[in-house]
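Subject: Handing over the structure, with notes on what was found

Dear colleague,

I am passing this structure on to you, and I would be grateful if you kept it open beside these notes while you read. My account follows directly below it.

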Protein chains: 2
Amino acid sequence: MSQVSTLNKETQIPYHESHLFKLRHSAAHLMAQAITELYPGCKLSIGPAIENGFYYDIEFSEAIKEEDLSRIEKRMKELAKLDQPITCKKAVSRDDAKNIILKECTLGQGEETAIYKLELLDAIPEGDAITFYEQSRTDRKGEKHHFIDLCRGPHVSSTKQIKHFKLMSIAGAYWRGNVKNKQLTRIYGTAFETAEELEHYLYVLEEAKKRDHRILGKELGLFMFSKNIGSGLPLWLPKGTAIREALTDFLKKEQIRRGYQGVITPHLASSKLFEKSGHLITYKDKMFPFMEDDDDQAFIMKPMNCPFHIEIYASQMRSYRELPLRLAEFGTVYRFEQSGELAGILRARSFTQDDAHLFVTPAQLEEEFLGVVELTMGVLKKLGLTDFRARVGTRDPDDSKYVGSDENWELAQKSIEYACQKIGMNYEVSQGDAAFYGPKLDLIIKDALGREWQMGTVQVDYNLPDRFQLEYIGEDGLPHRPIMIHRAPFGSLERMIGLLTEHYSGAFPFWMAPVQIAVIPIADRHIEYAEKIAHELNSYRVHLDSRRETLGKKIRENQLQKVPYMLIIGDKDIEQNTVSLRSREQGDKGSMNLEELRNYLENL
Amino acid sequence: MSQVSTLNKETQIPYHESHLFKLRHSAAHLMAQAITELYPGCKLSIGPAIENGFYYDIEFSEAIKEEDLSRIEKRMKELAKLDQPITCKKAVSRDDAKNIILKECTLGQGEETAIYKLELLDAIPEGDAITFYEQSRTDRKGEKHHFIDLCRGPHVSSTKQIKHFKLMSIAGAYWRGNVKNKQLTRIYGTAFETAEELEHYLYVLEEAKKRDHRILGKELGLFMFSKNIGSGLPLWLPKGTAIREALTDFLKKEQIRRGYQGVITPHLASSKLFEKSGHLITYKDKMFPFMEDDDDQAFIMKPMNCPFHIEIYASQMRSYRELPLRLAEFGTVYRFEQSGELAGILRARSFTQDDAHLFVTPAQLEEEFLGVVELTMGVLKKLGLTDFRARVGTRDPDDSKYVGSDENWELAQKSIEYACQKIGMNYEVSQGDAAFYGPKLDLIIKDALGREWQMGTVQVDYNLPDRFQLEYIGEDGLPHRPIMIHRAPFGSLERMIGLLTEHYSGAFPFWMAPVQIAVIPIADRHIEYAEKIAHELNSYRVHLDSRRETLGKKIRENQLQKVPYMLIIGDKDIEQNTVSLRSREQGDKGSMNLEELRNYLENL
């Protein structure tokens with residue numbers, strides 16, 4: 001799930017400094033405490049808080065199954081209620097720390113159980129403070145129990161605060177992430193501050209599972225993968241292709257209206273291009289293996305479209321009269337993600353960006369940026385993604401990594417804020433979040449499940465025009481350097497369609513549905529008329545379902561395929577020259593003639 | 001120039017057995033004779049007839065320039081007129097042949113001049129006949145002159161027959177095509193049987209030079225290449241992209257009408273796929289360098305789309321009810337042509353086929369083949385390529401290389417002929433011209449210059465369904481093997497647009513012109529109205545030319561850009577709410593209102 005790490009909106013505290021983060025970290029310790037009691041001799045390694053919860057990696061002497069989680073959870077509940085204070089204990093020296101690990105952390109279960117902790121201790125740099133966190137209690141008999149763990153902290157003050165948690169799943173994980181090391185058992189859990197939040201999270205997870213675009217993509221026939229072709233390289237099936245084309249046709253029209261010009265560039269290029277653009281250094285890890293041609297060059301699958309559009313810009317002398325030049329391409333890019341990082345079409349190895357680069361004069365930056373933001377918002381609205389927030393990434397004035405003049409940064413940051421204000425969009429400013437080559441605007445949308453996704457970044461760039469020494473001849477007859485704007489309202493077609501599939505749970509709006517209308521004759525004698533109707537509606541994506549199946553079965557199957565409208569054709573329809581309309585959401589809508597149907601569909 | 005080798009239409013004699021071929025071969029000898037006289041000591045190597053003429057590769061002691069060709073040509077004319085008989089002389093032994101070379105071929109100019117001929121003699125397999133061809137004359141003084149050359153022949157009977165020839169150009173060529181050998185001078189010439197044919201050929205060449213798509217492509221801003229990106233990898237500029245989209249939009253609509261379904265597949269795949277398809281063996285030489293992933297696989301740029309569509313077919317169990325399944329894709333393929341073989345977009349390293357694969361039952365083959373031929377002919381007609389001939393490539397019954405049963409071959413060949421007959425298309429049958437995996441239909445079009453191009457091959461295939469073990473469940477409940485049809489009416493978008501650029505000399509028909517209408521306000525006060533007109537016509541590709549230049553200059557430049565229609569806007573037009581239409585071909589068409597203009601354009 002490629003969601004956005006959320007800030008606490010009131011306080012702007014980053015997640016890793018928040019109370020929730022501490023709470024989850026403490027929940028990890030609580031889980032470890034329960035497990036050491038239930039599985040004596042198990043060896044703890046690390047147990048951090050993570051984006052949506054926490055985990056602990058542990059070496060068990062016996063295999064743990066999902067069924068065992070409820071037992072662990074139960075013990076955690078009991079331990080939490082005991083209101084054990086969680087306190088920090090500082091080791092006075094490395095020897096002291098070793099002593100604590102061998103004596104206290106092992107709980108008398110043998111030194112062998114401490115091997116990972118000892119390794120972790122060794123990895124702490126000389127001079128750094130070494131701390132332990134302890135949760136302890138005294139039982140009715142007056143006997144003291146404690147659990148102590150090598151840990152940087154911080155934690156909440158008592159186990160009593162850890163109320164709303166759940167253990168989620170078990171996975172394998174290599175010690176220190178290295179496949180040559182021993183495989184440990186990772187137990188994932190999550191924790192929240194309130195019961196409602198936990199409940200909502202679990203509901204969203206459950207719902208997300210049902211809406212998983214990989215499952216829906218298969219059920220609805222949108223896309224596929226094949227081992228013969230390779231991981232992460234999607235093949236678009238006819239219905240997925242129809243959605244893609246509905247999206248691209250829509251955006252192309254919008255872009256033409258706004259003076260964009262389409263271009264088409266190769267999917268690969270000589271290493272020379274990426275040397276010049278700088279991608280060969282910054283992106284090499286993400287690139288597909290090279291196609292070695294000769295000593296002088298290799299061909300490389302393109303990780304970005306920008307250098308190609310720059311080559312087009314640079315192919316002739318440009319005048320200020322030609323600017324702004326807006327070059328747009330549905331350009332496929334390639335990132336050699338690790339197999340484990342792939343996630344259907346949400347994270348693939350090849351994906352097609354709705355990319356465009358605007359080459360503008362400084363005087364045009366403000367208006368052009370506004371135009372791009374308007375276009376992007378129009379696109380998100382059309383897609384039904386209307387719940388979003390805006391974040392302006394600006395420069396950290398104390399950092400020296402940024403390229404471009406102060407004057408230009410001022411201008412660009414002002415232009416971005418101007419655009420937001422002009423269209424009345426609230427935004428937060430995130431200082432230090434700019435790229436080294438320019439400030440940017442991120443639109444972060446919230447889907448039907450309330451999950452946040454970063455979409456539609458608009459990025460100002462001073463770096464590439466410099467690297468490629470781009471120029472235009474100004475009104476003064478002298479050469480000037482243009483500014484570039486990068487933008488991609490969809491981000492990528494793959495990611496957007498994956499997101500929309502989950503957002504709509506596969507029930508796409510009429511305009512983008514792969515099959516918009518199913519025409520269903522009840523019996524063979526209705527087929528001829530049904531064919532006529534299907535033909536009359538051929539400006540839509542119509543499927544004629546004339547299979548010899550019962551009407552009930554045909555309606556059910558088209559409903560499962562989430563076809564927005566069905567036209568049921570029976571005797572009465574032929575008699576009265578009508579169709580009986582059935583809506584995916586609203587069921588039977590009554591009978592109407594074609595004229596009325598067209599009107600209805602056009603006003604959706 | 002990727003033209004078709006032409007058959008003599010009456011006699012069906014292949015070119016290399018024709019009289020014209022002999023004539024050109026003799027012209028090469030005549031040229032060599034003239035050169036040995038004019039450049040004593042030059043060393044002859046080989047001098048064959050080729051597609052459009054002949055050449056001779058010679059080592060000169062001094063550099064030859066284009067200016068020298070007329071001198072050689074003049075001497076050739078004189079020698080031709082002398083009516084020297086060309087006779088064959090057979091060597092009785094290898095020693096005899098060596099003797100002839102050293103004594104007679106050198107013409108007393110030293111043994112050194114014979115080095116290439118001696119090497120050629122060595123290369124003649126033991127047991128083969130060794131022949132020489134001689135042209136000789138006796139001068140007025142009664143002295144005998146002769147020119148004798150090691151040669152397989154055949155030749156025309158006298159130099160007198162060589163009347164209509166011309167030396168064309170000079171190039172460098174390595175001895176035996178090996179860069180490690182000495183570079184020789186290659187002189188190209190051509191010869192024809194009649195003066196008219198030679199004249200026509202030279203006219204076509206001259207005209208073709210003017211229409212060269214590489215030059216027009218630059219002048220009209222259609223496409224570009226860049227060294228940073230790599231040879232043979234075209235970038236489509238906005239105007240070329242507009243043509244591409246006009247073509248693809250048109251074909252997509254036609255295909256939807258005929259029940260094709262669009263798919264989109266990756267540009268690269270694992271070597272496993274091409275191993276399975278057999279391309280790894282048959283196509284390896286033409287493939288881009290591999291992207292080595294691990295020992296088990298490499299990624300390869302796809303040389304063909306077929307295996308990808310097959311993976312889609314094979315991704316689920318298919319029923320006869322789903323057939324014919326017609327999968328269409330504008331699929332980019334990659335061929336690693338040698339740099340020297342590249343020719344703009346006519347021969348590039350990446351090009352986009354308008355590819356489709358039809359999976360059909362044997363019973364459907366006939367109708368589906370007919371449908372494909374109808375579609376292809378409709379496409380060629382729309383493109384204005386109406387002068388074409390058809391060739392059916394059938395199996396040679398005596399050859400054992402063909403796969404598939406006799407029954408299937410019968411069926412397929414009958415289906416192809418049925419399609420031709422049904423639509424009343426004349427065709428020739430070319431026995432032995434089938435691929436090993438199925439018979440085919442080639443459409444060979446003739447362009448505005450009378451040059452022939454092989455387009456729109458429709459190919460039946462029994463091999464790939466076998467290799468991938470494709471199946472469908474028939475009406476009988478049993479698995480059956482489908483037949484595949486490959487087809488691509490445009491061939492590739494690149495080659496087709498290159499051809500159309502030359503065919504139309506850049507003056508594309510209205511529907512595919514990158515800019516269809518230029519709106520030209522005469523003065524600044526006409527701009528507002530011109531903008532309104534441009535906006536009203538935004539369903540067309542309109543360019544508003546409101547530069548502050550004279551009307552004459554703007555008309556001239558739009559004419560040079562071959563814009564089909566200009567709308568000139570002046571005072572009178574604003575007053576009367578009209579536009580003044582100017583046609584690229586017909587000049588001034590008078591003034592009309594928008595309603596009339598729309599009518600006019602829609603009826604083009």
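Leaving aside its neighbours within four places in sequence, B:His29 is in contact (heavy atoms within 4.5 Å) with B:Tyr133, B:Gln135, B:Phe147, B:Asp149, B:Cys151 and B:His155. B:His29 belongs to helix 1 (residues 19-38) of chain B, where helices are DSSP runs of H or I with at least four residues, strands are runs of E with at least two, and both are numbered from the N terminus. With a relative accessible area of 2%, B:His29 is buried; on this scale, buried means under 20% relative accessible area, exposed means over 50%, and partly exposed is in between, using a 1.4 Å probe and protein chains only.

Before going further, please note that this is a predicted model, in which local features need pLDDT of at least 70 and side-chain atom pairs count only at pLDDT 80 or more, while totals for chains, interfaces and linings use all residues. Residues are numbered from 1 along each chain as its sequence is written, chains are lettered from A and ligands numbered from 1 in the order in which they are written, and side-chain values use heavy atoms, with hydrogens and water left out.

Chain A as a whole

Chain A is divided into domain 1 (15-209), domain 2 (246-501) and domain 3 (517-603), with bounds that come from an automatic or database domain assignment. Between domain 1 of chain A and domain 2 of chain A, the C-alpha centres lie 43 Å apart. The secondary structure of chain A comes to 18 helices and 28 strands, and its C-alpha atoms fill a box of roughly 90 × 75 × 55 Å, taken along the principal axes. Of the 604 residues in chain A, 53% are buried, and among the contacts in chain A with a separation of 6 or more, 70% are between residues 24 or more positions apart.

Two packed helices are described by the angle between their axes and the distance between the axes. Here the axes are lines fitted to C-alpha atoms, for helices over the stretch in contact, and the angles run from 0 to 180 degrees between N-to-C directions.

In chain B, the axes of helix 3 (residues 94-105) and helix 4 (residues 115-123) come within 10 Å and cross at roughly 165 degrees. That makes helix 3 of chain B roughly antiparallel to helix 4 of chain B, given that angles under 35 degrees count as roughly parallel, over 145 as roughly antiparallel, 65 to 115 as roughly perpendicular and the rest as oblique. From helix 3 of chain B, the residues B:Arg94, B:Ala97, B:Lys98, B:Ile101 and B:Leu102 meet B:Lys117, B:Leu118, B:Leu121 and B:Asp122 in helix 4 of chain B. By class, this contact has five nonpolar, no polar and four charged residues, where Ala, Val, Leu, Ile, Met, Phe, Trp, Tyr, Cys and Pro count as nonpolar, Asp, Glu, Lys and Arg as charged, and the others, Gly among them, as polar.

For helix 7 (residues 238-257) of chain B and helix 14 (residues 493-503) of chain B, the axes come within 11 Å and cross at roughly 110 degrees, which means that helix 7 of chain B is roughly perpendicular to helix 14 of chain B. The contact joins B:Ile243, B:Arg244, B:Leu247 and B:Thr248 of helix 7 of chain B to B:Leu493, B:Glu494, B:Ile497 and B:Leu500 of helix 14 of chain B, and its residues divide into five nonpolar, one polar and two charged.

Backbone details

The peptide bond from A:Leu323 to A:Pro324 is cis, with omega near -5 degrees, and A:Pro324 lies in the loop between helix 10 (306-313) and strand 15 (325-334) of chain A. In chain B, a cis peptide bond joins B:Gly153 and B:Pro154, with omega about -5 degrees, and B:Pro154 is found in the loop between strand 6 (144-150) and strand 7 (164-174).

Although A:Gln469 is not a glycine, it has a positive phi of about 50 degrees; A:Gln469 is in the loop between helix 13 (463-467) and strand 21 (472-473) of chain A, and at 59% relative accessibility it counts as exposed.

With kind regards
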